[in-house]
Amino acid sequence: MSMTDPIADLLTRIRNGLTASKRWVDVPASNLKKRVVYILKEENFIKDFIFVADGNNQLIRIFLKYDYSQKPVILGLERVSRPGRRVYVDSKNLPRVLDGLGIAILSTSKGVISNKTAKRIKVGGEVLCNVW
């Protein structure tokens, strides 16, 4: 059975892992998910990630990050553009998440990038999710 919204599934698995104070979560791999996870690592929202072979399937093992008092670094994950309602922005109207403390992840013609990178290279696209 195919998944309707793989990005929402990725965000839900991370959110559930943080709520349960897990060290890592496993998600089925895809190129879009790999890029989203890479951005989360680049912006220091997760510790690290590796690729795990599970028979014919490939998984992404995401190591979750907590602060010194064991509270999650990621306070919120929000899916913005859904299959039923796509949200697009141009380079002049890029979203600011929590007044710059969070990031928005966009799918652009230059690839999947954060809103900070999109602002620097002046490109817009589809807003996938917000992370803070």
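This is a predicted model: local features need pLDDT of at least 70, side-chain atom pairs count only at pLDDT 80 or more; totals for chains, interfaces and linings use all residues.
The lining of the largest pocket divides into three nonpolar, three polar and three charged residues, where Ala, Val, Leu, Ile, Met, Phe, Trp, Tyr, Cys and Pro count as nonpolar, Asp, Glu, Lys and Arg as charged, and the others, Gly among them, as polar. Residues are numbered from 1 along each chain as its sequence is written, and side-chain values use heavy atoms, with hydrogens and water left out.

Among the residues that line this pocket are Leu94, Arg96, Asn115 and Lys119; a pocket, on a 1 Å grid over the protein atoms alone, is an open set of points where a 1.4 Å probe fits, with protein on both sides within 12 Å along at least five of seven lines, and lining residues have an atom within 4 Å of a point.

Let me turn to helix α1, which covers residues 6–19 and holds aspartate 9; a helix here is a DSSP run of H or I with at least four residues, numbered from the N terminus. Is aspartate 9 buried or exposed? Aspartate 9 is buried, with a relative accessible area of 19%, and buried means under 20% relative accessible area with a 1.4 Å probe, protein chains only. Leaving aside residues up to four places away in sequence, aspartate 9 touches Met3, Pro28 and Lys33, contact meaning heavy atoms within 4.5 Å. Other buried residues of α1 include Ile7, Leu10 and Ile14. After α1 comes serine 21, whose phi is positive, near 55 degrees.

Notes. Helices (H or I, at least four residues) and strands (E, at least two) are DSSP runs, numbered from the N terminus. Buried means under 20% relative accessible area, exposed over 50%, partly exposed in between (1.4 Å probe, protein chains only).
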